[in-house]
Amino acid sequence: MGIEQVVVVGAGPGGLAVAAALGHRGIPSVVLERSDGVGASWRGHYDRLHLHTTRRLSGLPGMAIPRRFGRWVSRDDVVRYLEAYARRQGLEVRTGVEVTRIERAADGWAVRTAAGEELTTRTVVVATGYNHTPAPFDVPGVERFTGEILHASRYRNPEPFRGRRVLVVGIGNTGAEVAADLADGGAAQVWIAVRTPPHIVRRSILGWPAQATGILVRHLPVPVVDRMAQVLALSVPNLTSQGLPRPTSGMYTRVLAGSVPVQDVGLLDAVRTGRVQPVGAVAAVEGAEVVLVDGARLTPDVIVAATGYRRGLEPLVGHLGVLDQHGRPVALGGSPAAPGLYFTGYTNPISGMLRERRIDAVRIARAVAAGR
């Protein structure tokens, strides 16, 4: 009798990595993906996106990212890599299959799909992704804005916004790069709304990538890393006079609270030269006007809401008691409260998402093998 298949939900980097790591241990799996191809979230990102982590430190188990893709791998090349990875690792990926709910079963788990199918298995790995469900831009009056509003997940390139006034809401990595992209692409005016000034770091300094620093400091005491970050901040210009002050809290303190540093891929120069204007957080929308917390008013033609994402796990596993109050898995990897149910891909570490997906995959495969 053959070994029972593990069901992996999601064919992004995390799900593919787990399936491959299981295969390396002789454990078969099937990957269920609701879209029509692997790496769906990557396919939907904006055109100019590149990995903020190096090619060498971003490969998944059993296959490096090709050298021809360069040090900072583009969005399209990430997709090409994931497609090749699924083929060369011999993964069974079933596309167009949306998993709607996971239930406890007599001898493990029942995985239910939107088509009414039910798969039973002892082991399920949930890897639906960090960027699953766009978080809405929710301020008073936003539904009556007379201009155009789109979430950053729908932004592709600056061409539709040439000659228009655009307010980007949110200064995480996505908001920062979208604002720079708009400024480079001919928008008439670009504002970026800042609630809390972010820590901004160079992607690399003298060839040393920020990711490598993130790997080295992960297990150091928080106060030590915060002080080290103050030194690194000297490589970044002080843009307080341009409306972007330095943050007052420590960098690693912020990381542990869920706020990763912004890697500069053009924002600093755009702010320094006045092509992007930082403004305060948005308090409300009144018709055509956006009211800021300091009382200032803007009249943008377009609002791009870089408000992040939610994990969207509640319909799938919210009834199992495995999520915290923020909708995140209580225990990454496996949980003693739900044996045979594993999660991967629900953190945003400074050491690099793909690197951590690789490490998670090997750990999960080891645990599954030990349980058998």
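## Basis of the description

A salt bridge is a side-chain nitrogen of Lys or Arg within 4 Å of a carboxyl oxygen of Asp or Glu. The structure is a predicted model, in which local features need pLDDT of at least 70 and side-chain atom pairs count only at pLDDT 80 or more, while totals for chains, interfaces and linings use all residues. Residues are numbered from 1 along each chain as its sequence is written, and side-chain values use heavy atoms, with hydrogens and water left out.

Helices (H or I, at least four residues) and strands (E, at least two) are DSSP runs, numbered from the N terminus.

Six strands form an open sheet in the order 3-2-1-7-23-22, and their pairing is mixed; two strands pair if DSSP finds at least two bridges between them. Strand 3 (93-95) and strand 22 (333-335) each have a single partner strand, so one side of each of these edge strands is left without a neighbour in the sheet. On average, neighbouring strands of this sheet are turned by 25° against each other, direction ignored. Axes here are lines fitted to C-alpha atoms, for helices over the stretch in contact, and angles run from 0 to 180 degrees between N-to-C directions.

Strand 7 (residues 124-126) and strand 23 (residues 338-343) run parallel and are joined by three bridges. Val-124 has Leu-341 as its bridge partner in strand 23. Helix 10 (residues 353-371) packs on the sheet and touches strand 1 (6-9), strand 7, strand 22 and strand 23; the direction of helix 10 makes about 160° with that of strand 23. Contact means heavy atoms within 4.5 Å.

Helix 1 (residues 13-24) has 12 residues and reaches 16 Å from its first C-alpha to its last, close to the 16 Å expected at 1.5 Å a residue; the expected span is 1.5 Å times one less than the number of residues. Buried means under 20% relative accessible area, exposed over 50%, and partly exposed in between (1.4 Å probe, protein chains only). Among the buried residues of helix 1 are Pro-13, Gly-14, Gly-15 and Leu-22. Gly-26, which follows helix 1, has a positive phi near 75°.

Gly-39 is found in the loop between strand 2 (29-33) and helix 2 (40-43), and is buried with a relative accessible area of 1%. Leaving aside neighbours within four places in sequence, Gly-39 is in contact with Ala-11, Gly-12 and Leu-82. The C-alpha atoms of Gly-39 and Gly-10 are separated by 8.8 Å, although the two residues are 29 residues apart along the chain.

## Salt bridges

The whole structure contains 25 salt bridges. One of them joins the side chains of Arg-75 and Asp-47 (2.9 Å, N to O). Arg-75 lies in helix 3 (residues 75-88) and Asp-47 in the loop between helix 2 and helix 3, so the pair ties together parts that are 28 residues apart in sequence. Arg-75 is buried at 10% relative accessible area, whereas Asp-47 is partly exposed at 38%.

Glu-117 forms a salt bridge with Arg-94, with the closest N and O atoms 3.0 Å apart. This pair ties together parts that are 23 residues apart in sequence, because Glu-117 lies in the loop between strand 5 (108-113) and strand 6 (118-121) and Arg-94 in strand 3. Arg-218 and Glu-356 also meet in a salt bridge (2.9 Å, N to O); Glu-356 lies in helix 10 and is buried, with a relative accessible area of 8%.
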